[in-house]
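Colleague: I would like a close look at one part of this structure. Please keep it brisk.

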Amino acid sequence: MLKKIAALAFCLAFLAPCAALAGQVKALKVTVLSTMLADRGLGEWGYSALVEVDGRKFLFDTGANPDVVLKNAKSLGIDLSEVEDVVISHNHDDHTGGLISLRRELMKKNPRAMSRAHVSANIFLPRLKTDGSDDNGLTPLRAEYERLGGRFILHEDAAQLEPGVWFTGPVPRKYPETNWSTDGLKLHTAAGDVADNVPEDAALAFSTPEGLVVLTGCGHAGIVNISEYAQKIAGPAPVFAVIGGLHLFAKSDDVVDWTGTRLRRLGVRYLLAGHCTGIEATLRLRAALGLTRKTAPVSSVGSSFTLGKGIQPGDIAA
Ligand SMILES: [Zn+2]
Ligand SMILES: [Zn+2]
């Protein structure tokens, strides 16, 4: 009861789209299906993870190459045809490249497989190159996905997809984290062209009895911004596990150390970082967080996080 009163006070204090009083997930497993490192399956510059939560399945991002997630799932003995909801974190083609082939292949077994794609509403904004052409990685796939019966579900704000399962939608950029490398791409706005800071970048946040789990694709919004926003929408609990790409590979030691210090304050006890986090940055974050090779391995294809059990690393990263 005291917990609920505290949660209600938090909601009122922050005027957040708060569901701290809403459900918590009881069972959660996140299995990585695309990242750079692989000891079974194929590595690639991309990201994808299967989320199994209280009997429901989501695919978070779809990898870079059209067939890598399909092949990796097969080599791991995972049947993706039961997955009807895809979550796309942002427009980049290393997260969207598998969408069409996944839908096309899996709908043969289940017509509803991969038929709903949850995205931030601003994901289709044009990303303008200097010659004026659009470099958006999802826009070219839109018509084909819809022709195959897929439907984009556009979220303006945070949304609870299942009790305790939150899609963040666009994340407020409270801290000046610049964890992207969009190479001069511009966004066209009423105030003129501005640098593309990947405004649609979204994550998943899970409210569990142990605290919050955050799953991010590239973390372009900044993992500290994402984690603090997760607390705002999913409830005032420690962020005890962070999974995914944090886009710190090209950042200075100072930036990585700042990130580690902030994540430690937020309560991170498990880090399953992969993809664009960078191997050096992952090891540096591990040290800053006071974690170990068991609680902060480099993520590989097939590595997983299970609520109540922690991280199962692949052989190469164990
Ligand atoms: Zn990206
Ligand atoms: Zn990426």
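Which strands does α6 lie across, and at about what angle does α6 run to β12?

Modeller: First, the ground rules. This is a predicted model, where local features need pLDDT of at least 70, side-chain atom pairs count only at pLDDT 80 or more, and totals for chains, interfaces and linings use all residues. Residues are numbered from 1 along each chain as its sequence is written, while chains are lettered from A and ligands numbered from 1 in the order in which they are written.

Now your helix. α6 lies across β8, β11 (203-208), β12 (211-216) and β13 (239-245). It runs at about 135 degrees to β12. Such angles run from 0 to 180 degrees between N-to-C directions, with axes fitted to C-alpha atoms, for helices over the stretch in contact. Helices (H or I, at least four residues) and strands (E, at least two) are DSSP runs, numbered from the N terminus.

The length of α6 checks out. Its twelve residues should span 16 Å at 1.5 Å a residue, and its end C-alpha atoms are 16 Å apart, which agrees. The expected span is 1.5 Å times one less than the number of residues. Just after α6, Gly235 takes a positive phi of about 130 degrees.

Eleven of the twelve residues of α6 are buried, so the helix is largely enclosed by the rest of the structure. Buried means 20 or more other C-beta atoms within 10 Å of the residue's own, placed from the backbone; exposed means 12 or fewer, and partly exposed lies in between. Among the buried ones are Asn225, Gln231 and Lys232.

Next, the sheet. It is open, with six strands in the order β7-β8-β11-β12-β13-β14 and mixed pairing. Strands pair if DSSP finds at least two bridges between them. β7 (159-162) and β14 (270-274) are the edge strands, each pairing on one side only. From one strand to the next, the twist averages 20 degrees. β7 pairs with β8 (residues 165-167) in the antiparallel sense, over three bridges. Ala159 has Phe167 of β8 as its bridge partner.

Last, the core. The largest nonpolar core has 76 residues, and Leu204, Ala205, Val214 and Leu215 touch the most other members. Helix α6 (residues 223-234) gives the largest share of this core, seven residues. Such a core is a set of buried Ala, Val, Leu, Ile, Met, Phe, Trp, Tyr and Cys residues joined through C-beta atoms within 7 Å. Beyond its neighbours within four places in sequence, Ala205 contacts residues including Trp166, Val214, Ala230, Ile233 and Ala234. Contact means C-beta atoms, placed from the backbone, within 7 Å.

Conventions:
Contact = placed C-beta atoms within 7 Å.
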